[in-house]
Every structure is written in structure tokens, then in C-alpha cells.
Amino acid sequence: STHAFNTGKGGKWADMSWNHSTGGFGRRVLGETWISHWGVHKKEATKTVIEPGSEKSPVLKGVGEVFGDTDVYEAAPPEDAKILLRGIVLKGMNPTDEPADYEKKTKKGETQKVNEPTMPVAWTREVKNEAGTTNKVLSTTMGAATEIVDEDLRRLIVNGVYWGLGLDVPEKAEVTISAEFKPSNYGFKGFKPKM
């Protein structure tokens, strides 16, 4: 969702594009646009840890460690964001793999180890809209179809809906997938018509 719109340079909705100078919809509303793959794409997975001080967030009720087979994205949400989860870049594609340990440059040109500090992967914001009311926003850089198999990620998303609607979040929301779910792997040019 950080880079949901790619409208091009001209036109009425150009300022919503992920690569607009403002960061588009992703940066202005969600809190971040797409910057870069922080981990190595398709080679290093993500395991989450709860941000200290966020343990009592209603959005995290019943949410444990989330594992995702996509890599961590570089992210620097604004100061008004309440970070819920951070993503540990793993050395491989399994939840038992060790954390990666190498250096990388951020968009700002600062060199740091990939897990020192770890990047935010889920946060909430409350954003005033043009009508003068407040939108409650849950953002996560996780959520590929292959990651939705993770019960804790599904619960995070469902909890976010309860929270966003102003409803009490259950202690452990029911998130069982009610039908067969065999997601295909993420990537480009994988669509095969008339299979």
C-alpha cells in the first residue's frame, strides 16, 4: 500500500503517486512511501518484534511474532506515527534463520547495520483530513498473499479494522481462513491467462 499508486508525472492525481516529491498517498496518509528493499529481495525474510512501549496497543491484542517471506522495506514514518512492530532482516527465508549482519546506506545516505536499528514494519497514525475529521490509519509494509498465511499478521490487520472503526478489539480475534488458500509467490509477470 505504500506504493499503491503510480500515476505518472502529469494529471489530476499525480500527487498521489508513490514517487511524487511529497511521497504521494503512501507518505502523506499512511506515513511512508516505498523507498527501498532493506533486506535482499526474495533472499531474506522478515521476523517481527514488538516496539517497546507498544505492548498494550489494542491493535496488538493476541498478536505474536509475525513471519513474512518478503523482505523488510526501508521506512521512516513521521513523528506522529506510533510504531507497533519492527522487522528483523533474516539471513534466509525461514523463521529460524539468524538475523542478518551487514551494513547498508539509508535513503539519507547514512550507513547503518540492517538490524541496528530495525526498520518499522507496522504503525498507527491519526491524520486530520480535509473535512476536519480524523482518520485512524494502520500501516504495514507486510501483507503479500504469501504472508497472509501467518495468523498473527491476519490478526494485526483484523485488529486494525476494529480499532479504526472505534470498536473494542477482542482479546484474540478469530482470523481462521474459511476456504482453501494457496497463494502464489509474489513477483512480476507471473500472471498466466486462461490456465
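Guide: Two strands count as paired if DSSP finds at least two bridges between them, and strands themselves (E, at least two residues), like helices (H or I, at least four residues), are DSSP runs numbered from the N terminus. What you see above is a predicted model, in which local features need pLDDT of at least 70 and side-chain atom pairs count only at pLDDT 80 or more, while totals for chains, interfaces and linings use all residues. Residues are numbered from 1 along each chain as its sequence is written, and side-chain values use heavy atoms, with hydrogens and water left out.

Visitor: How should I read a sheet, and in which order do the five strands stand here?

Guide: In general, strands of a sheet pair through backbone hydrogen bonds, either parallel or antiparallel. In this model the five strands form an open sheet in the order β2-β1-β3-β6-β7, with antiparallel pairing. Its edge strands are β2 (67-68) and β7, each of which pairs on one side only. Helix α2 (residues 151-164) packs on the sheet and touches β3, β6 and β7, where touching means heavy atoms within 4.5 Å. The direction of α2 makes about 175° with that of β7, an angle taken between N-to-C directions on a scale from 0 to 180 degrees, with axes fitted to C-alpha atoms, for helices over the stretch in contact.

Visitor: How many bridges join β3 to β6?

Guide: Five bridges join strand β3 (residues 82-89) to β6, and the two run antiparallel; across this pairing, R86 stands opposite P120. On the β7 side, β6 pairs with strand β7 (residues 134-140) over seven bridges, also in the antiparallel sense, and there T124 has L138 as its bridge partner. The hairpin of β6 and β7 has five residues between the strands, and G132 takes a positive phi near 90° in this hairpin.

Visitor: Which residues stand opposite T46 in β3 and in β2?

Guide: T46 stands opposite V89 in β3 and opposite G68 in β2. Strand β1 (residues 46-50) is joined to β3 by five bridges, whereas β1 and β2 pair over two.

Visitor: Why is β6 described as largely enclosed?

Guide: Burial is read from relative accessible area: buried means under 20%, exposed over 50%, and partly exposed in between, with a 1.4 Å probe and protein chains only. Eight of the 10 residues of β6 are buried, so this strand is largely enclosed by the rest of the structure.

Visitor: Where is V114 placed?

Guide: V114 lies in the loop between β5 (111-113) and β6 (119-128), and V114 counts as buried because its relative accessibility is 0%. Leaving aside residues up to four places away in sequence, V114 touches W38, V89, A100, Y102 and K104.
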